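Subject: Structure for you to look at, with notes

Hello,

I am passing on the structure we talked about, and below it you will find my notes on what was found. Please keep the model open while you read, so that you can look up each residue as it is named.

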Amino acid sequence: MIENIYLVRHGESLGNIDQLAYKTTPDHNIPLSEKGLRQATAAGIALRNWIVLPENEPLRIWTSPYQRTRQTTEQIRQELIGKFPQLQTREHINLCEQQFGLFDGLTDEEIKEKFPHEEAHYAFAEKHGGKFWARMPLGESRFDLALRVHEAFGTFHRDSERYKFNNLIIVCHGNTLRAFIMRWLHLPYEWFDQFPNPGNCDIYHIHYNQSGNGEYIHRTPEDI
């Protein structure tokens, strides 16, 4: 049984610093900044100090296949491998960022200029149906993202049962992280829109208390 899940948003990326990075580099290939690499190392140190396992119990990291999450995972792995020699990392494509379709990499002004009809349709859907349900043209809504993330849960459970690990680290993206918490803890969809987007390398700990109910704790690396 998975008893503890540590969710980590990737470190600061070049796209977080300057949206113009998306003009020359696809979203999936945006790397971390120097600060992002340091944040990822700090997250690894925090997790090393936080996680306590019985001797020889395995530990798994599942990560999004994007460049910035791969780099974050590698920095974390370097900090953990000495303490947890059986640590292994795996990728799951369902953990990638929300797909923004026609709006990918564009500013609000550029979207209105290049795709006025599509922007108007999306704005209408968001106003009347809510942001969670509004689908990006040729992309995903938050609803679509939540369904996609939930599809990965069976993989995690089967992996846990086969290799007998109870602790899991997930490295992903802000919206993906929120979708994971919402679906894992069976929270209502309104929670997603009310919950703030996590900071770079913020850590959320989902654990099961003595009553068997899941709950989460938000911590930054500096808290640990």
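I begin with Cys201, which lies in the loop between α10 and β5, where helices (H or I, at least four residues) and strands (E, at least two) are DSSP runs, numbered from the N terminus. The relative accessible area of Cys201 is 1%, and Cys201 is therefore buried; buried means under 20% relative accessible area, exposed over 50%, and partly exposed in between, with a 1.4 Å probe and protein chains only. The phi of Cys201 is near 65°, which is a positive value in a residue other than glycine.

Before going further, please note that this is a predicted model, in which local features need pLDDT of at least 70 and side-chain atom pairs count only at pLDDT 80 or more, while totals for chains, interfaces and linings use all residues. Residues are numbered from 1 along each chain as its sequence is written, and side-chain values use heavy atoms, with hydrogens and water left out.

The strands

Strand β5 covers residues 203-208, and five of its six residues are buried. It pairs with strand β1 (residues 4-9) in the antiparallel sense over five bridges, where two strands pair if DSSP finds at least two bridges between them. Within this pairing, Val8 stands opposite Ile203 in β5, and the β5 bridge partner of Asn4 is His207.

Strand β1 also pairs with strand β4 (residues 167-172), in this case in the parallel sense and over six bridges, and the β4 bridge partner of Asn4 is Asn167. Six of the six residues of β1 are buried, so β1 is largely enclosed by the rest of the structure. In a regular strand the side chains alternate between the two faces of the sheet. In β1 both faces are covered, with Asn4, Tyr6 and Val8 buried on one side and Ile5, Leu7 and Arg9 buried on the other.

Elsewhere, strand β2 (residues 60-63) and strand β3 (residues 88-91) pair in the parallel sense over four bridges, and Ile61 stands opposite Thr89 in β3. From β2 the chain passes through helix α4 (residues 67-80) to reach β3, and this β-α-β crossover is right-handed, meaning that, with the strands pointing away from the viewer, the path from the first strand over the helix to the second runs clockwise.

The helices

Helix α4 also meets helix α3 (residues 34-50): their axes come within 8 Å and cross at roughly 40°, where axes are lines fitted to C-alpha atoms, for helices over the stretch in contact, and angles run from 0 to 180 degrees between N-to-C directions. The two helices are therefore oblique to each other, since angles under 35 degrees count as roughly parallel, over 145 as roughly antiparallel, 65 to 115 as roughly perpendicular and the rest as oblique. Among the residues that meet are Leu37, Ala40 and Thr41 in α3 and Thr72, Gln75 and Ile76 in α4, contact being heavy atoms within 4.5 Å.

How do α7 and α9 lie relative to each other? The axes of helix α7 (residues 142-151) and α9 come within 9 Å and cross at roughly 65°, and the two helices are therefore roughly perpendicular to each other. The residues that make this contact include Arg142 and Leu145 of α7 and Asn175 and Thr176 of α9. Helix α9 (residues 174-184) has 10 of its 11 residues buried, so α9 is largely enclosed by the rest of the structure.

Asn175 lies in helix α9 and is buried, with a relative accessible area of 10%. Leaving aside neighbours within four places in sequence, Asn175 is in contact with Glu97, Gln98, Phe100, Arg142, Leu145, Phe192 and Asn197. Asn197 is 22 residues from Asn175 in sequence, and their C-alpha atoms are 6.9 Å apart in space.

His186 lies in the loop between α9 and α10 (189-194), and at 70% relative accessibility it counts as exposed. Its phi is near 55°, a positive value in a residue other than glycine.

His28 is found in the loop between α2 (21-24) and α3 and is partly exposed, with a relative accessible area of 45%. Leaving aside neighbours within four places in sequence, His28 is in contact with Tyr66 and Gln67.

Best wishes
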